[in-house]
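Hi,

Here is the structure I said I'd pass along.

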Amino acid sequence: RSKSRTGLLFKRLKVHHKRTAVLLVSAVKVLEPKKKKKKKTLLSEKVTQMMEWASKRSVIRMNGDKFRRFVKAPPRNYSVVIMFTALQPQRQCGVCRQADEEFQVLANSWRYSSAFTNRVFFASVDFDEGSDVFQMLNMNSAPTFLHFPSKGKPRRSDTYELQVRGFAAEQLARWVADRTDVQIRVIRPPNYAGPLLLGFLLAVIGGLAYLRRHNLEFLFNRNVWAFSALCFVLIMTSGQMWNHIRGPPYAHKNPSTGQVSYIHGSSQAQFVAETHIILLFNAAVTMGIVLLCEAATSDMDIGKRKIMCIAGIGLVMLFFSWLLSIFRAKYHGYPYR
């Protein structure tokens with residue numbers, strides 16, 4: 001009897017477990033569509049809100065709450081390119097202002113293009129409005145550009161190499177295309193400063209030529225052409241063309257320490273201020289060489305020639321040594337001894 005009762009009990013337990021399993025499977029099947037529906041509704045609300053913000057401002061301003069809800073938390077089927085910056089006057093971040101202008105150009109080019117979709121949004125987080133976001137991401141410098149993909153976490157390549165590429169809108173557009181496959185044609189507002197300056201320069205040259213139309217010997221003056229060629233060479237060798245192509249920042253200021261760097265620590269990049277310094281040093285060395293040549297070949301008295309010689313040697317030694325110091329700071333490990 002005990003065996004039959006035990007067998008009957010086991011049969012009842014099996015039936016009970018089967019019924020429980022059937023009920024659990026049915027509950028999962030009922031709850032799963034609801035969960036998917038809720039997730040789809042939440043995603044739709046987030047996309048709608050982001051589109052509404054983007055319609056008002058091409059660069060969406062975010063604080064800590066907005067960042068955690070619309071960027072950090074799933075679900076998300078859109079990418080977000082965020083510029084972390086410090087634009088408040090007390091931060092004294094001139095580079096942030098320049099980078100913000102280029103970022104605005106890029107965002108406007110995307111927002112008002114015919115290919116605009118909700119695949120990519122542009123946003124900014126200011127340090128004074130979202131310091132908790134800076135702490136969350138262990139970020140201690142600004143400006144910084146990060147790409148948050150639609151799926152997964154940001155990788156190393158999702159951090160823009162600002163010091164190498166510069167912050168020109170065209171460079172940012174290439175980086176965004178690499179990360180999102182979204183091609184953005186940068187459209188800048190018309191800038192008449194260049195044509196006006198060129199027209200003014202041509203007018204001055206034409207006016208001088210007209211005033212001296214009866215004596216144009218200065219056009220055949222070798223010193224005038226030599227000075228013009230020398231200025232052109234100094235401008236090109238200092239890296240001005242690289243600045244025009246890459247659009248680097250003028251200098252870099254660390255927001256945590258406030259220290260300003262005018263010389264880039266890598267041989268692969270430079271600051272605008274650095275090119276000005278190099279231009280000044282090269283010009284001083286050139287002036288020293290010119291003074292030495294004049295001291296050796298001119299017909300002046302010996303006293304003036306000695307002064308020119310000493311000044312030339314001083315200029316060459318001082319500024320060439322400073323050039324070597326900058327070279328050492330950028331190219332580490334070179335046998336300078």
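**The sheet and what packs on it**

Four strands form an open sheet with mixed pairing, in the order β1-β3-β2-β4. Its edges are β1 (59-62) and β4 (144-148); each has a single partner strand, so one side of each is left without a neighbour in the sheet. From one strand to the next, the twist averages 30°. Keep in mind while you look around that this is a predicted model.

How do β2 and β4 run relative to each other, parallel or antiparallel? They are antiparallel, and five bridges join β4 to strand β2 (residues 79-85).

Two helices are worth a look here. Helix α2 (residues 64-72) packs on the sheet and touches β1, β2 and β4; its direction makes about 125° with that of β1. Helix α3 (residues 94-111) lies across β1, β2, β3 (120-126) and β4, and runs at about 160° to β3.

Residues 223-242 are 90% helix and 0% strand in the model, with the end C-alpha atoms 29 Å apart. For residues 277-295, the span is 100% helix and 0% strand, and its end C-alpha atoms lie 27 Å apart.

Over to you. Cheers!

Notes: Residues are numbered from 1 along each chain as its sequence is written. This is a predicted model: local features need pLDDT of at least 70, side-chain atom pairs count only at pLDDT 80 or more; totals for chains, interfaces and linings use all residues. Side-chain values use heavy atoms; hydrogens and water are left out. Two strands pair if DSSP finds at least two bridges between them. Axes are lines fitted to C-alpha atoms, for helices over the stretch in contact, and angles run from 0 to 180 degrees between N-to-C directions. Contact means heavy atoms within 4.5 Å.
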